Structure formats: structure tokens, C-alpha cells
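Please report on the strand pairing, the core and the loops of this chain. Keep it brisk.

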Amino acid sequence: MIRILKILPLLISLTSYCQTGTLKGIIKNGVDNSSSGFITIYLELNNKKISTTNSRIDGNFEISGIPQGTYDICLQFVGYLPHKMIGISIRNDSITNLEIKYPCPNGNIESKKICPYGHIDNILPITYGLPTNKTLEKAEKGKIWLGGCVITECSPRWHCKSHNLNF
Ligand SMILES: [Zn+2]
């Protein structure tokens with residue numbers, strides 16, 4: 001028993017040491033798919049900015065030391081509308097690798113929760129990145145849609161279950 005008590009604080013300090021994740025990504029221009037450098041990237045939690053970085057000339061960026069959770073990313077570039085991506089999962093000891101399109105030809109107008117076919121039922125919010133256990137649970141219950149790590153369109157925020165499409 002004494003031995004266990006001695007080991008326990010060491011284990012706790014080791015686990016708390018690794019309780020963060022990393023967000024990596026590449027930003028590609030939504031018009032011609034070229035690298036988007038010098039884009040300002042804000043990592044946000046509950047509408048508060050947690051961290052800021054810029055994409056390098058080759059479009060790559062990285063933010064490390066992020067506590068596990070679900071975040072939003074806001075992209076900004078002079079002369080373009082800012083673009084917010086909602087629901088990015090960050091996991092402890094994991095790298096979430098995203099491919100993002102920005103700026104987009106249509107100016108990243110945030111889509112409304114209405115299917116292009118005109119109905120408003122059977123629509124789920126999309127979550128990007130490596131799902132946390134909480135996120136997986138929600139997905140299994142059919143409350144969210146897992147969008148993965150490559151964002152093929154400019155700003156899909158919703159998934160229609162009836163028509164199996166993102167918008
Ligand atoms: Zn639909």
C-alpha cells in the first residue's frame with residue numbers, strides 16, 4: 001500500500017504532463033488550390049481567442065499545447081471575409097491534421113441550417129478533426145456528423161442525413 005502511494009503522485013504528474021494535443025494544417029486557396037501563406041489563424045474556445053499563429057509561405061501551420069476539447073478556428077486575411085470553422089476536435093497526445101480551403105471563391109458565406117433541397121429536419125452539425133471520446137459518443141447517438149480532417153469544400157457546416165450531403 002505504501003509503495004502504491006509513492007508511485008501514484010509520479011503517475012499523476014506524468015499524465016498531466018501529456019494532457020495536450022497539437023493542431024497542424026495546410027491552408028489551400030479555394031480558387032486554384034495553391035498554398036495560402038500569411039493567413040492569420042485564431043484558435044477559439046467559447047468565442048475566446050486561445051492562441052494565434054500565421055500560416056507559412058507553403059500554407060502550413062501548427063499550434064501545440066492545446067488542452068483536449070472542441071475548438072473553433074477563425075481564419076483571416078487582409079481583403080477577405082474572415083472564415084470561422086466550428087467544432088474542431090483536439091485530443092491529448094494526438095496531432096489533428098487539417099486541410100482547409102481559404103480564401104474561398106464565394107467569400108466564405110456561412111451556410112444556414114437548411115438543406116439545399118429545402119428541408120430543415122435530419123440535419124447535423126459537422127465536427128472536424130480526431131474525435132474525442134465525447135465526440136464519438138455524440139456521433140454514435142446521431143447528434144453530430146464526423147467530417148474528418150480534409151475539408152474538401154469551402155465551408156460545409158451541416159450534414160443532411162436524408163440526402164447524404166454537406167453544405
Ligand atoms: Zn436534405
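Leaving aside its neighbours within four places in sequence, which residues is isoleucine 88 in contact with? They are Thr70, Tyr71, Asp72, Ile73, Thr96, Tyr128 and Gly129. Two residues are in contact if their C-beta atoms, placed from the backbone, lie within 7 Å.

This is a predicted model: local features need pLDDT of at least 70, side-chain atom pairs count only at pLDDT 80 or more, and totals for chains, interfaces and linings use all residues. Residues are numbered from 1 along each chain as its sequence is written.

**Strand pairing**

Strand S5 spans residues 69-76, and strand S6 spans residues 83-90. Helices (H or I, at least four residues) and strands (E, at least two) are DSSP runs, numbered from the N terminus. S5 and S6 pair in the antiparallel sense, over 7 bridges. Two strands pair if DSSP finds at least two bridges between them. Tyrosine 71 has isoleucine 88 as its bridge partner in S6. The two strands, S5 and S6, form a hairpin with 6 residues between them. In its turn, glycine 79 has a positive phi of about 90°.

S6 is also joined to strand S8 (residues 123-129), by 2 bridges. S6 and S8 run parallel. Here serine 89 stands opposite glycine 129 in S8.

**The core**

The largest nonpolar core has 18 residues. Ile73, Ile88 and Ile100 have the most contacts inside this core. Elements giving two or more residues to this core are strand S1 (20-28), strand S4 (60-67), S5, S6 and strand S7 (95-101). A nonpolar core is a set of buried Ala, Val, Leu, Ile, Met, Phe, Trp, Tyr and Cys residues joined through C-beta atoms within 7 Å. A residue is buried if 20 or more other C-beta atoms lie within 10 Å of its own, exposed if 12 or fewer, and partly exposed in between, with C-beta atoms placed from the backbone.

**Aspartate 72**

Aspartate 72 lies in S5. Aspartate 72 is partly exposed, because 18 other C-beta atoms lie within 10 Å. Beyond its neighbours within four places in sequence, aspartate 72 is in contact with Glu44, Lys84, Met85, Ile86 and Ile88. Aspartate 72 and leucine 45 are 27 residues apart in sequence, yet 6.3 Å apart in space, C-alpha to C-alpha.

**Loops**

The loop between S7 and S8 holds proline 103. The peptide bond from tyrosine 102 to proline 103 is cis, with omega near -10°.

Arginine 56 is found in the loop between S3 and S4. Is arginine 56 exposed or partly exposed? Arginine 56 is partly exposed, because 15 other C-beta atoms lie within 10 Å. Leaving aside neighbours within four places in sequence, arginine 56 is in contact with Gly37 and Phe61. Arginine 56 and isoleucine 26 are 30 residues apart in sequence and 9.1 Å apart in space, C-alpha to C-alpha.
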